[in-house]
Amino acid sequence: MRNTFLTLVFTLVGVATYAQHGFQIGVQAGLPFNDFNDQASLFVGGEVGHMWALGEVIDLGITAGYIHGFAETFHDEQITVDLPDIQFAPVAASIRIWPSRSFSVGTELGMGFGLTDGLDGGLYYRPTLGYMFGTQTEVNLSYTGIQLDDDVSWTTLNFGIKYTFSNKRNRF
């Protein structure tokens with residue numbers, strides 16, 4: 001599974017580097033909740049991707065990333081429990097809709113590969129609201145979900161910054 005993930009990431013980076021039109025790199029941080037609320041205190045992540053314009057309003061793309069959840073440590077008078085960090089590697093298709101020049105609504109949908117022992121991964125989805133500062137920098141709020149089993153999922157509320165290595169086309 002890890003070899004498949006690494007192959008996909010290197011392919012994505014190679015394609016995106018060659019076709020610099022919409023190469024993007026971003027970072028995000030946030031808080032896990034629901035099923036992993038007691039196991040992780042916060043998470044950080046990074047992503048690379050490429051977006052292609054389908055017109056003035058819609059962009060389609062691909063993205064790959066890394067999510068690292070920092071584990072909680074529980075202390076008792078006699079016992080200390082160190083939980084393992086939680087790690088995922090999402091690979092997804094993405095869509096963005098631009099109702100104005102600076103505001104976007106979008107989502108990513110794909111597979112979140114579990115890199116932590118005991119977490120296989122599952123369906124990955126990430127709805128996003130973005131706001132452009134200038135022509136190449138975006139701040140965004142998003143929700144991340146990775147459906148691991150029928151009743152367990154990794155869910156987070158995120159704040160991120162994304163930079164696009166191209167001249168943003170004029171919208172509208």
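Is Leu129 buried, partly exposed or exposed? Leu129 is partly exposed, at 45% relative accessible area (buried means under 20%, exposed over 50%, partly exposed in between; 1.4 Å probe, protein chains only). The model is predicted: local features need pLDDT of at least 70, side-chain atom pairs count only at pLDDT 80 or more, and totals for chains, interfaces and linings use all residues. Residues are numbered from 1 along each chain as its sequence is written, and side-chain values use heavy atoms, without hydrogens and water.

Leu129 lies in strand β8 (strands are DSSP E runs of at least two residues, numbered from the N terminus). A nonpolar surface patch includes Leu129, Tyr131 and Phe133, with about 840 Å² of accessible area for the whole patch. Patch members have over 30% relative accessible area and no salt bridge, and nonpolar side chains are joined within 5 Å. A salt bridge is a Lys or Arg side-chain nitrogen within 4 Å of an Asp or Glu carboxyl oxygen. Areas follow the Shrake-Rupley method with a 1.4 Å probe. Strand β8 gives the largest share of the patch, 3 residues.

A cavity is a set of points on a 1 Å grid where a 1.4 Å probe fits but cannot get out; lining residues have an atom within 4 Å of a point. Volume is the space filled by probe spheres set on the points, which are joined across faces, edges and corners. The largest cavity has about 130 Å³. Its lining has 20 residues, with Gln24, Ser94, Arg96, Glu108 and Lys162 nearest the centre. Strand β2 gives the largest share, 5 residues.

Val48 is also in β2. Val48 is buried, at 18% relative accessible area. The C-alpha atoms of Val48 and Lys162 are 9.2 Å apart.

Technical notes: On a 1 Å grid over the protein atoms alone, a cavity is a set of points where a 1.4 Å probe fits but cannot get out, and a pocket is an open set with protein on both sides within 12 Å along at least five of seven lines; lining residues have an atom within 4 Å of a point. Helices (H or I, at least four residues) and strands (E, at least two) are DSSP runs, numbered from the N terminus. Patches are made of residues with over 30% relative accessible area and no salt bridge: like charges are joined within 9 Å, nonpolar side chains (Val, Leu, Ile, Met, Phe, Trp, Tyr) within 5 Å.
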